[in-house]
Amino acid sequence: MQIYLPIAELSVNIWLVLGLGGLVGLLSGLFGVGGGFLMTPLLIFIGVPPTVAVGTQSVQIVASSVSGMLAHMRRNNVDFLMGGVLTAGGMIGSSLGVYLFNLLKSSGHIDLTISLGYVVFLGVVGGFMLMESLPGALKKRPVAQALAARGPGRHIWMHGLPFKIRFRRSKLYISALLPAGIGFLVGLLVAMMGVGGGFLIVPAMIYLLGMPTQVVIGTSLFQITFVTAITALLQAIVNQSVDVVLAFLLLVIAVVGAQIGARLSGKVKGEQLRVMLAGMVLLVAISLAIGLVLTPKEPFSLSVASTP
Amino acid sequence: MRKLLLTFALLAAFPAHAQEAPHAPEVPLVADLSSHLVAITSRFTGTDVLLFGATDGPGDVAVVVTGPKRDEVVRHKTRVGPIWLNTNDVTLTSVPSYYRVVSSRPVEEFVPQTLLTRHEIGVDNIRMPTTDENIPLNQLAEFRKALVRLKTSEGLYDQGIGAINMMSNRLFRAELHFPSNVPVGTYNVQVYLFREGQVVAAEIVPLNISKIGIGADIYDFAHNLAPLYGLLAVLLAAGAGWAASAVFRRV
C-alpha cells in the first residue's frame with residue numbers, strides 16, 4: 001500500500017516506513033539511543049529528499065524526547081538552570097545551522113554535506129560502539145576511567161572563562177560559556193543532520209562539565225526537547241521541509257517499538273546485539289561513503305531554481 | 001446567441017461563400033481533450049488524457065504538450081580528491097516542467113527545421129535561455145542535453161512517434177500520458193496541422209493539473225502559513241510524546 005507524503009512529494013510504501021520506524025524504535029528502546037542518527041540516513045536511502053529527512057526527523061525527536069524528559073522531571077533529575085543555558089546555546093547553534101542548511105541547499109552542496117557528515121559521524125559512533133562491545137577488547141574502559149578521574153576538581157583553561165554561574169542541582173560553579181558552547185555545537189548538529197545529539201551531549205556533560213550522572217540524562221533530554229522543537233519550527237519556516245505525515249507515521253510506530261525494546265532489554269543478551277548494532281551503523285556509514293567516492297552514473301543533476 | 005450573431009456577421013461578410021456551404025464555415029483543424037482538469041489525489045499514480053480532433057483532409061498532425069515553465073539549475077559533478085562534488089552549474093530559464101511531442105510520424109519527416117525551431121517542436125528544439133552569459137556554447141549544449149536526459153528519465157519529457165492514430169485522413173486521436181510525478185499548473189496542448197512543410201492550422205487547448213485532497217491542503221498550509229504549520233507540528237509532536245508517556249506509565 002502506497003502513501004503520498006505531501007511535503008516530500010513522493011509516494012512510499014507504508015509498510016516499509018512503518019517497518020523502518022518500528023525497527024529504529026526497537027533499537028532505541030533496547031539500547032537507550034535516540035535513533036535519529038539511524039532514521040535520517042535510512043529515510044534518505046528509501047528516496048526521501050535529504051532536506052525533508054532532516055527537517056522531519058527533528059519533529060520526531062521532539063516527541064520521543066518529551067516523554068523521556070517528563071519521566072525524568074517526575075524523578076527530579078533535571079537541572080533546569082543548566083538545561084536553560086544549554087538550550088540558549090543550542091538555539092543559537094540551530095539558528096545558524098538552519099541558515100547554513102538553506103545556504104548549502106541553494107548552492108547545491110546540501111546533499112553532499114549531509115552524506116559526508118553522516119559518514120564521519122556514523123563511522124565514529126559505530127567504531128566506538130564496536131570497540132566497547134567487542135568482548136575483551138576493552139575490559140576496564142581505561143579511556144573513560146581516565147577522563148572521569150580527571151572530572152571534578154581538575155583545573156584547566158576552561159575554568160578561567162568568565163560569566164561563572166553556580167549550578168546548584170549539578171553542584172558546579174563554572175562559566176556559563178562552557179555549557180552554552182556545548183549546546184551550540186549540538187544545536188548545529190540537530191539543524192544540519194537531523195539527530196538529537198544525545199550521543200555528544202551526554203559524554204560532554206559527564207567528562208567535560210563533570211556533572212553528576214544522576215542529572216545528566218534528564219538535563220540532556222530537556223535540552224534536546226527544546227532545541228529540536230526550535231529547530232523543527234525554523235526548518236518549517238525557512239526550508240519548508242517538515243513532512244507531518246511522515247513524522248507522525250514514524251512517531252507512532254517508534255513509540256511502540258521503543259516500549260517493546262525497553263521491555264526486551266532486560267531479557268536479551270546485550271553484548272551480541274550491541275555488536276550487531278555497531279555493525280549496522282558502520283554498514284550505513286560505509287555505503288554512504290561508497291556513494292560519495294564511486295563514479296556517478298549520471299554526473300548531472302537538476303533542481304528548481306529558488307526564486308529570489 | 002453569440003453563435004447566431006457570428007453567423008449573421010459571416011453571412012454579411014461572405015455572402016457568396018455562405019451560399020456554397022450552408023451549414024457551417026469549414027475549419028481545417030479542430031481538437032479537444034477528454035478532460036480539461038487532471039486532479040492529483042493522494043493515490044494518484046499517473047493518468048491518460050485523450051486528445052481527439054478532426055482535419056479537413058490529409059495532412060500531418062503534431063501535438064506539443066508543455067507544462068508550466070520555470071527556472072532550473074543544472075549541476076555537474078566532478079571528482080575533487082576522492083569524492084564527487086558539484087563544481088559547475090548553469091541556470092536555464094523558462095524550462096518546461098513537462099514536455100511531450102506526439103505525431104503521426106517522425107516530425108523531421110514533414111516539418112522543416114526552421115519551423116521546428118520556431119514552434120519549439122521536439123526536445124532538442126526547446127528554447128531554454130541561460131542567465132550565465134560567459135559560458136562557452138559547447139558547454140551550454142552539454143548542460144541542455146543533460147537536462148533533457150534527466151527529465152526524460154523522470155518520465156517528464158518524451159517524444160512519442162506513432163502515438164497519434166489517424167482515421168481515414170480526417171479523424172485523429174492520441175493518448176497523452178501524465179506520470180505520477182507530474183508538476184501542477186496550467187498546461188498547453190498545441191495541435192498543429194502540416195501540409196507540404198507548412199503550418200496550415202494550429203489550435204491551443206488548455207489543460208489544468210492540480211493537487212486536491214488532504215495532501216494538497218497540507219502542502220499549501222506548509223508553504224503559505226509556514227510558522228503556524230511548524231508550531232502545530234511541534235505541539236502535536238510534544239503532545240504525542242506526552243500522551244505516550246502517560247499511556248505507558250500505566251501499562
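Predicted model: local features only at pLDDT ≥ 70, side-chain atom pairs only at ≥ 80, totals over all residues.
1. The crossing is right-handed. Helix H3 of chain A covers residues 50-74, and helix H10 of chain A covers residues 244-264. Their axes come within 9 Å and cross at roughly 35 degrees.

2. Which residues of H3(A) and H10(A) make the contact? H3(A) gives A:Thr56, A:Val59, A:Gln60, A:Ala63 and A:Ser64. H10(A) gives A:Leu246, A:Ala247, A:Leu250, A:Leu251, A:Ala254 and A:Ala258. By class, eight of the contact residues are nonpolar and three are polar. None is charged.

3. Turn to the contact between the chains. Here 39 residues come from chain A and 40 residues from chain B. On the side of chain A that touches chain B, the elements giving two or more residues are H3, H9, H10, helix H11 (270-293) and strand S5 (300-304). H3(A) gives the largest share, nine residues. The residues of this side of chain A divide into 29 nonpolar and 10 polar, with no charged ones.

4. Now the nonpolar cores. The largest has 102 residues. A:Val62, B:Ala233 and B:Ala237 have the most contacts inside this core. Helix H9 of chain A (residues 213-239) supplies the largest share, 13 residues.

5. Look closely at A:Val62. What does A:Val62 touch, leaving aside its neighbours within four places in sequence? In chain A, the partners are A:Thr225, A:Thr228, A:Ala229 and A:Ala232. In chain B, they are B:Val234, B:Ala237, B:Ala238 and B:Gly241. A second, separate core has 44 residues, among them B:Ala31, B:Phe143, B:Tyr187 and B:Leu207. In soluble globular proteins, nonpolar side chains tend to be buried together.

6. Step back to chain A as a whole. Chain A has 11 helices and five strands. Of its 308 residues, 48% count as buried. Take the contacts in chain A with a separation of 6 or more: residues 24 or more positions apart account for 79% of them.

7. How far can chain A be trusted? Its mean pLDDT is 82, and 90% of its residues reach 70 or more. Among the elements of chain A, helix H4 (residues 80-107) has the highest mean pLDDT, 92. Helix H6 (residues 142-149) has the lowest, 46. Over residues 140-152 of chain A the pLDDT is below 50. Beyond near neighbours in sequence, this stretch has six contacts in the model.

Conventions
Residues numbered from 1 in each chain as written. Chains lettered and ligands numbered in written order. Axes fitted to C-alpha atoms, helices over the stretch in contact; angles between N-to-C directions. Helix = DSSP H or I, 4+ residues; strand = E, 2+ residues; numbered from the N terminus. Left-handed = near helix turned anticlockwise from the far one by under 90°. Contact = placed C-beta atoms within 7 Å. Nonpolar A, V, L, I, M, F, W, Y, C, P; charged D, E, K, R; others polar. pLDDT = per-residue confidence, 0-100. Core = buried A, V, L, I, M, F, W, Y, C linked by C-beta atoms within 7 Å. Buried ≥ 20, exposed ≤ 12 C-beta atoms within 10 Å, placed from the backbone.
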